[in-house]
Structure formats: C-alpha cells, structure tokens
Amino acid sequence: MTRKNRLRRSLAPRLRFLADQITEKGLCTRPGADPGHWFPEKEPGGNAATKRRAYEQAAAARCFGCPVRAECQEAALAEEADLASKKLKPHGIRAGLAPWVRADMIRNDASESASENEETAA
Ligand code: SF4
C-alpha cells in the first residue's frame, strides 16, 4: 500500500465523521436550502480582482453563522488536497471560502509540510 493510500485510509473515519456533522448541522444541508447558492453558476476567472473579492465576500456571507464551519473547512481541505495532482480544481463555496482560496491554503500547507520534512531530514 502506498503512503498516499495509507493516509487516505487513516483519514476516512474522520472524513465520515465530518460529513455526518455537516449533513446534520450545516446551513446548506437544511431543508429548503438551495444548493445552487453554494455553487454559483459562474465563478470569476482570470485576474478580475474586484469580481473575485465580491465572490469571496459573498462566500463568507453565505456560510456566516454555520455551526459546522470549522468541520466543513477541515473536510474541504482534506478532500481537495490531491485535486491539483489530477489537474482538477475545487468548485463552489465551502466553509465560507472561495475555491481558489481553498486551493491557496492547500498549496501553502503542502509547501510548509515540505519545508518541515526538509528540516527534519537535515
Ligand atoms: S460552512 Fe457553508 S458550506 Fe460548510 S456546511 Fe456550513 S453552510 Fe455548508
């Protein structure tokens, strides 16, 4: 079993727990919530900084007050961690975060981990 598969297997129970929490308590999973609000049809592309900022503010507002936002963020970052290696991108709003914000967080985590590994190996 590869290191990646071992990691995935060890994360599985935690991810199931987080998914249950989100399903049970998330604002977006409540009866009557429109899933389309968390997956806006058009995400701003390119360097449209103003559009991106507006999207980020709307994302934060969409999830404001959700009781499982921390759990949602943990699940999103774990589930989306290997999308880039598959040349895929995250979509939609999760944990009040725009997809490119989550992708940046994942990249930063990965580079911090790499730096720590280099320091440990030295
Ligand atoms: S933080 Fe947002 S996306 Fe996550 S469960 Fe709550 S409402 Fe849904």
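In this predicted model, K87 lies in the loop that separates α3 from α4. Its phi is near 60 degrees, a positive value in a residue other than glycine. K87 is exposed, with 6 other C-beta atoms within 10 Å. A95 is also placed in the loop between α3 and α4. Its phi is likewise positive, at about 60 degrees, although A95 is not a glycine. A95, however, counts as buried, with 23 C-beta neighbours inside 10 Å. Most residues other than glycine have a negative phi.

Helix α3 spans residues 69-79, and its buried residues are E71, C72, A75 and A76. These residues lie on the same side of α3, because they cover an arc of only 130 degrees around the axis.

The largest nonpolar core has 13 residues. Within this core, A59 and C72 have the most contacts. At least two core residues come from each of α1 (3-25), α2 (49-63) and α3. Beyond its neighbours within four places in sequence, A59 is in contact with I93, G96, L97 and A98.

The ligand is surrounded by 14 residues. The closest are G26, C28, C63, C66 and C72. By class, the shell has ten nonpolar residues, two polar and two charged.

Helix α4 covers residues 99-121 and has 23 residues. From its first C-alpha to its last, α4 reaches 33 Å, close to the 33 Å expected at 1.5 Å a residue. Of its 23 residues, one is buried, so α4 lies largely in the open.

Key: Residues are numbered from 1 along each chain as its sequence is written. This is a predicted model: local features need pLDDT of at least 70, side-chain atom pairs count only at pLDDT 80 or more; totals for chains, interfaces and linings use all residues. A residue is near a molecule or strand if its C-beta atom, placed from the backbone, lies within 6 Å of it. Ala, Val, Leu, Ile, Met, Phe, Trp, Tyr, Cys and Pro count as nonpolar, Asp, Glu, Lys and Arg as charged, and the others, Gly among them, as polar. A residue is buried if 20 or more other C-beta atoms lie within 10 Å of its own, exposed if 12 or fewer, and partly exposed in between; C-beta atoms are placed from the backbone. Helices (H or I, at least four residues) and strands (E, at least two) are DSSP runs, numbered from the N terminus. The arc is that of the directions from the helix axis to the C-beta atoms. A nonpolar core is a set of buried Ala, Val, Leu, Ile, Met, Phe, Trp, Tyr and Cys residues joined through C-beta atoms within 7 Å. Two residues are in contact if their C-beta atoms, placed from the backbone, lie within 7 Å. The expected span of a helix is 1.5 Å times one less than its number of residues.
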